[in-house]
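Please walk through this protein with the model open beside the text.

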Amino acid sequence: MTKKLSPLGALAIGVGAGFIGTGFMTAWQETVARLKRSMTVKHMAGEEDPWEHAPAPARVGRLLVQTVLRRDVPPERIPLFTNAVHWGFGTAMGAAYGLVQGRVPAKPALTGPLFGLGVWAQSYATLVPMGLYKPPWQYPAKSIAKDVSYHLVYGTGTAAGYALLRRVSR
């Protein structure tokens, strides 16, 4: 018999699951980058504005600092901001997964990929109006497929992490 989780318990397990899912996504991103031999740094000295080519998580972090603290962020902080926002957002989205899964339990093999696709869609729904992404139809299909694959791995990893943490928390 499965013990019912409190919302706080589901949230806590979701945070851990989001961290696990983000780890899986990061590992997949690194693997894809190594396979493509595209491990070049896009924000090298000599470019006009290194922030123009910074990953979206770094640009979101910079925008937050500019808006809240009214300060700019030096380009040397791009890797730090990329990782901080990537891991923070992935972990936070895991909390949302945990709250839903704690309330309406479903099969991780189904909820994981669906959750990952939802996070992918949500990223375009927020980053396009912020001017950090173009609409998805303006990217090559290959780029969209790669980005979707990252999020499918994230969602599946989050669901698997939730199932594992749920099992060990009993």
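Where is leucine 69 found? Leucine 69 sits in the loop between H2 and H3. Helices here are DSSP runs of H or I with at least four residues, strands are runs of E with at least two, and both are numbered from the N terminus. The model is predicted, so local features need pLDDT of at least 70 and side-chain atom pairs count only at pLDDT 80 or more, while totals for chains, interfaces and linings use all residues. Residues are numbered from 1 along each chain as its sequence is written, and side-chain values use heavy atoms, with hydrogens and water left out.

Leucine 69 counts as exposed, at 54% relative accessibility. The classes are buried under 20% relative accessible area, exposed over 50%, and partly exposed in between, with a 1.4 Å probe and protein chains only. Leu64, Val68 and Leu69 form a nonpolar patch on the surface. Together they have about 320 Å² of accessible area. Areas come from the Shrake-Rupley method with a 1.4 Å probe, and for residues only the protein chains shown count as cover. Patch members have over 30% relative accessible area and no salt bridge; like charges are joined within 9 Å, and nonpolar side chains (Val, Leu, Ile, Met, Phe, Trp, Tyr) within 5 Å.

Now step back to the whole chain. The protein has five helices and zero strands. Its elements run α-α-α-α-α from the N terminus on. The C-alpha trace spans about 60 × 35 × 25 Å along its principal axes. Of its 170 residues, 35% count as buried. The protein exposes about 10500 Å², and carbon and sulfur atoms supply 67% of that area.

The structure holds one salt bridge (a side-chain nitrogen of Lys or Arg within 4 Å of a carboxyl oxygen of Asp or Glu). Aspartate 72 and arginine 62 form it through their side chains, at 2.9 Å, N to O. Aspartate 72 lies in the loop between helix H2 (56-68) and helix H3 (78-103), and arginine 62 lies in helix H2, so the pair ties together parts that are ten residues apart in sequence. Arginine 62 is buried, with a relative accessible area of 17%.

The largest nonpolar core has 14 residues. Such a core is a set of buried Ala, Val, Leu, Ile, Met, Phe, Trp, Tyr and Cys residues joined through side-chain atoms within 4.5 Å. Leu5, Met93, Tyr97, Phe115, Val119, Tyr154 and Tyr162 touch the most other members. Helix H1 (7-35), H3, H4 and H5 each give two or more residues to this core. H1 gives the most, with five residues. A second, separate core of seven residues includes Trp51, Ala54, Val73 and Ile78.

Look at phenylalanine 115. Beyond its neighbours within four places in sequence, phenylalanine 115 is in contact (heavy atoms within 4.5 Å) with Met93, Gly94, Tyr97, Tyr154, Gly155 and Thr158.

Threonine 111 belongs to helix H4 (residues 108-127). Threonine 111 is buried, at 16% relative accessible area. Its side chain makes a polar contact with the side chain of tyrosine 97, at 2.7 Å. A polar contact is a pair of N or O atoms within 3.5 Å; within protein, one must be able to donate a hydrogen and the other to accept it, and residues adjacent in sequence count only if both atoms are side-chain atoms.

Finish at arginine 166 in helix H5 (residues 141-168). Arginine 166 counts as buried, at 10% relative accessibility. Arginine 166 and lysine 4 are 162 residues apart in sequence and 10 Å apart in space, C-alpha to C-alpha.
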